[in-house]
Amino acid sequence: ARITYVGELGYELYVPVEHVTNVYDHLVDAGRSVGLVHAGLKALGSLRLEKGYRDYGHDMDNTDTIVDVGLAFTCNFGKSGGFVGQAAVLQQKQAGPRKRALMQVLVKDTEVMLHGAEIVHRNGVAV
């Protein structure tokens with residue numbers, strides 16, 4: 001894949017298991033001169049969120065619709081023969097403002113650790 005999970009240019013390497021350690025060692029050695037650093041899973045999650053990439057099971061699940069999570073723009077409504085669920089998506093889009101929406105919030109306090117599914121309050125009211 002040319003675009004990574006975090007939305008930046010990169011590559012995914014598929015390496016036979018017997019060569020993984022050798023390839024890893026070579027990549028780390030080669031990257032040392034250009035400042036290669038290891039990044040953990042939490043870094044991937046935050047970078048993904050900055051790009052607005054959704055993660056099924058974290059940001060959305062089977063109770064959400066494509067309209068709820070802001071992905072209706074990916075639907076090809078002009079596709080010959082339509083697509084499964086097209087009528088429902090069009091109906092939801094035409095129904096007016098959404099009752100639910102996937103939103104991102106900016107937390108300015110760098111000490112706060114968010115783990116997911118936190119309740120967000122606005123003016124003292126859960127939203």
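Q: How many salt bridges does the structure hold?
A: The structure holds 2 salt bridges, each being a side-chain nitrogen of Lys or Arg within 4 Å of a carboxyl oxygen of Asp or Glu. This is a predicted model, in which local features need pLDDT of at least 70 and side-chain atom pairs count only at pLDDT 80 or more, while totals for chains, interfaces and linings use all residues. Residues are numbered from 1 along each chain as its sequence is written, and side-chain values use heavy atoms, with hydrogens and water left out.

Q: Which side chain does Asp59 meet in a salt bridge?
A: That of Arg48, at 2.5 Å, N to O. Asp59 lies in the loop between H2 and H3 and Arg48 in helix H2, so the pair ties together parts that are 11 residues apart in sequence. Helices here are DSSP runs (H or I, at least four residues), numbered from the N terminus.

Q: Is Arg48 buried or exposed?
A: Arg48 is buried, at 5% relative accessible area. Buried means under 20%, exposed over 50%, and partly exposed in between (1.4 Å probe, protein chains only).

Q: And what does Arg32 pair with?
A: The side chain of Arg32 meets that of Asp29 in a salt bridge, 3.0 Å from N to O. Arg32 is exposed, with a relative accessible area of 56%, and Asp29 is partly exposed at 48%.

Q: Switching to Asp68, where is that?
A: Asp68 sits in the loop between helix H2 (41–51) and helix H3 (86–94). Asp68 counts as buried because its relative accessibility is 8%.

Q: What does the Asp68 side chain make a polar contact with?
A: The side chain of Gln92, at 3.0 Å. A polar contact is a pair of N or O atoms within 3.5 Å; within protein, one must be able to donate a hydrogen and the other to accept it, and residues adjacent in sequence count only if both atoms are side-chain atoms.

Note on methods
Helix = DSSP H or I, 4+ residues; strand = E, 2+ residues; numbered from the N terminus.
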